[in-house]
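Trainee: Hi! Could you walk me through this one? I'm still learning how to read these.
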Amino acid sequence: MTTATIETRASAPATLPKEKPERLPLGPLKTIHVFWMAGMSCDGCTITVAGATNPGIEGLLNGTVPAMPKVLLHHPVLSVEAGAEFMASFKKAHDGTLGDPYVVVFEGSVPDERIAARTGGYWSAMGSELMPGEAEGGETRMVPTAEWLSRLAPGAAAMIAIGTCATWGGIPSAEGNPTNAMSVMDFLGKDFRSAFGLPVINIPGCAPQGDNFTETVFAILLFLQGLGPLPAFDELGRPSWLYGETVHRGCTRAGYYEEGVFAKEYGDPECLVEIGCWGPVVNCNIVKRGAINHMGGCMEAGGVCIACTMPGFPDKFSPFYKAPPGGIISTTMSHGVGGVIRRLRRLSNRHASREHRWDVNNDVPSGWAHVPGSSMGLKVMELFYQKWQHWGARQPGRRKGEEAWLWGGTRPGQPSDYNDHSVSEGK
Ligand code: SF4
Ligand code: SF4
């Protein structure tokens, strides 16, 4: 499916009523409801948020985080209520009788329910209600989650799309899909604003890091409490402090790229770009932050970046086993320039790996192995390098003959009683 075929909220069926935004007062909140809904989803976002640690969701749910309201989570997987009891709060939020403000979180992409309705079915639904015109006990229908989204989003204090399916359509909207699935932003349209005047907030990733989500929710709640400014979001509604940099800039393998050393197969420790990594052009912070509890992350675990946070994912980055064409230019340059830099750095590294005394004595007193001294060519290079390094400044380090002072002798240029402490102590 191409973007040209995506149908937005403006062309959504008339059965999805346009809701009147409910205006809510700013100010300290005691309780806030979170309505979590899932469209075309694998529940991966739920799992990643359940594993968030910094901050974790337990404190929010227990109401033990200072300055934070108590969060009442209504989640189709995690809530203990089921059936009509579970759906009651959704209906209250829709009726305007909930009594507290709420946030909507949507996981998964939004399918085009008109396609399923042609055969009397649905793609994704939650709860049932009487068919129009039916009395109690009459015929019911399942309510598509797309319809719940349309009902609840305008009255929400904030509308958060979590995961790449909800933020950009993701895998369910890939080429060849039968559902005409789309993102929350595509579904609600450009003019959508929450009750507090915010467009859709997007936390992409397949699955995103749970901490990226909880940190953003904390920041939004601080704003809603009137205790902090509106967090910075970029032009696509991503938290800009989390998605402003490319993976490559924070990657632990980026030094290999710079020095022109590349992995040939999975399991190699070097840069993965020649076996399919898209990291240099992808906005994601996973190697800086870690996948969970500050550990892991794609390259840390040996995987290439397949660009799962990007709006063009997956179609613009497949097939995932091939190297990005654009990488050929930069890696060719890196092979050449990086090769020279790598060799020069190796020389500097050898120089820096020797004590000054070992240079003076031309001997490394290591019992672990024989460490060869510098060759004549290297010594000449080191001499010029040090002259350049200390040009206009006094060069530190000990000169030949100073070792005796260290063992109780006299440092050249110092009084002969320098090490006699009885003199300085006035004895
Ligand atoms: S593995 Fe990917 S993200 Fe890491 S340095 Fe190489 S290209 Fe960049
Ligand atoms: S590094 Fe790439 S594949 Fe891994 S989470 Fe980030 S965007 Fe997705």
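Trainee: Okay, where does Asn-180 lie?
Mentor: Asn-180 lies in the loop between helix H6 (163-168) and helix H7 (184-188). Helices here are DSSP runs of H or I with at least four residues, strands are runs of E with at least two, and both are numbered from the N terminus. Before we go on, this is a predicted model: local features need pLDDT of at least 70, side-chain atom pairs count only at pLDDT 80 or more, and totals for chains, interfaces and linings use all residues. Residues are numbered from 1 along each chain as its sequence is written, while chains are lettered from A and ligands numbered from 1 in the order in which they are written.
Trainee: Thanks! Is Asn-180 buried or exposed?
Mentor: Asn-180 counts as buried because it has 20 C-beta neighbours inside 10 Å. The cut-offs are 20 or more other C-beta atoms within 10 Å for buried, 12 or fewer for exposed, and partly exposed in between, with C-beta atoms placed from the backbone.
Trainee: And what phi does Asn-180 have?
Mentor: A positive one, about 55°, although Asn-180 is not a glycine. Most residues other than glycine have a negative phi. Ala-307 is also not a glycine and has a positive phi, about 70°. Ala-307 sits in the loop between H12 and H13, and it is buried, with 25 other C-beta atoms within 10 Å.
Trainee: Now the helices. Where does H3 bend?
Mentor: At Ser-89, by about 25°. That bend is the angle between axes fitted to the seven residues ending there and the seven starting there. Just after H3, Gly-96 takes a positive phi of about 85°.
Trainee: How many residues of H8 are buried?
Mentor: H8 is mostly covered, with 11 of its 15 residues buried. Among them are Phe-213, Val-217 and Leu-221. In H15, by contrast, the count of buried residues among its 14 residues is 0, so we call that helix hardly covered.
Trainee: Which residues have the most contacts inside the largest nonpolar core?
Mentor: Val-103, Val-104, Leu-149, Ala-158 and Val-184, in a core of 81 residues. Such a core is a set of buried Ala, Val, Leu, Ile, Met, Phe, Trp, Tyr and Cys residues joined through C-beta atoms within 7 Å. Strand S1 (residues 31-38) gives the most to this core, with 6 residues.
Trainee: And why does this core lie between domain 1 and domain 2?
Mentor: Because domain 1 (3-113 + 142-242) and domain 2 (245-339) both give residues to it. Those domain bounds come from an automatic or database domain assignment.
Trainee: Last one: which residues come nearest to ligand 1?
Mentor: His-248, Cys-251, Cys-271, Cys-277 and Gly-279, out of 14 residues around ligand 1. A residue is near a molecule if its C-beta atom, placed from the backbone, lies within 6 Å of it. Helix H10 (247-250) and helix H11 (254-258) are the elements that give two or more residues to that shell.

Definitions and conventions: Expected span 1.5 Å × (residues − 1).
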